[in-house]
Amino acid sequence: MQIVLSNTSGVPLYEQITNRLRTAILSGELPEGTQLTSLRQLARDLRVSLITTTRAYNDLAAAGLITNVPGKGSYVLPIDREQARTEALATLRAQLGRVVGTATTAGIDPDAVHRLLDEAWNERDHD
């Protein structure tokens, strides 16, 4: 699994790490029981501070996606697929609310927003 960070995206580095690992866990790329790279090794690999990787792992643990075992490392926990879906839908609803607000402010009609969504969906299929 590769983690690519952007210093220009405006998204904090710890959040980029958290999001990439969350995606890998929820998609099954990192299955239950997988031991994650150590905090120190990940910090070295990504050329970030140990505080950054620690915050990412702590956020994943708080979300119930991993467990941190002192002296042993961090491991992927079993995923409740229904809970993950419910949380994803809540996140999507909030993001769409922001999209609708932006579109409304800019005078963009719902048909144009639907076309943009279709384009984004189709681009995803080609990545």
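A residue counts as buried under 20% relative accessible area, as exposed over 50%, and as partly exposed in between (1.4 Å probe, protein chains only). By that rule R47 is exposed, because its relative accessible area is 77%. This is a predicted model, in which local features need pLDDT of at least 70 and side-chain atom pairs count only at pLDDT 80 or more, while totals for chains, interfaces and linings use all residues. Residues are numbered from 1 along each chain as its sequence is written, and side-chain values use heavy atoms, with hydrogens and water left out.

**Fold and dimensions**
- The protein contains 5 helices and 2 strands, taken as DSSP runs numbered from the N terminus (helices H or I, at least four residues; strands E, at least two).
- Read from the N terminus, the order of elements is α-α-α-β-β-α-α.
- The C-alpha trace spans about 55 × 35 × 25 Å along its principal axes.

**Surface and charge**
- Of the 127 residues, 20% count as buried.
- Carbon and sulfur atoms hold 54% of an accessible surface of about 9000 Å², computed by the Shrake-Rupley method with a 1.4 Å probe.
- The protein has 13 positive and 15 negative charges, and their mean positions lie 10 Å apart. Lys and Arg count as positive and Asp and Glu as negative, without His and the chain ends; the charges are placed at NZ of Lys, CZ of Arg, CG of Asp or CD of Glu.

**Core and contacts**
- The largest nonpolar core has 17 residues, and I17, L21, L30 and I66 have the most contacts inside it. Such a core is a set of buried Ala, Val, Leu, Ile, Met, Phe, Trp, Tyr and Cys residues joined through side-chain atoms within 4.5 Å.
- At least two core residues come from each of α1 (13-27), α2 (39-46) and α3; α1 gives the most, with 4 residues.
- Leaving aside residues up to four places away in sequence, I66 touches I25, L36, Y57, L60, A61, S74, Y75, V76 and L77, where contact means heavy atoms within 4.5 Å.
- Among contacts between residues at least 6 apart in sequence, 48% join residues at least 24 apart.

**Individual residues**
- R47 sits in the loop between α2 and α3, and its phi is near 60°, a positive value in a residue other than glycine.
- N58 belongs to helix α3 (residues 50-62) and is partly exposed because its relative accessibility is 42%.
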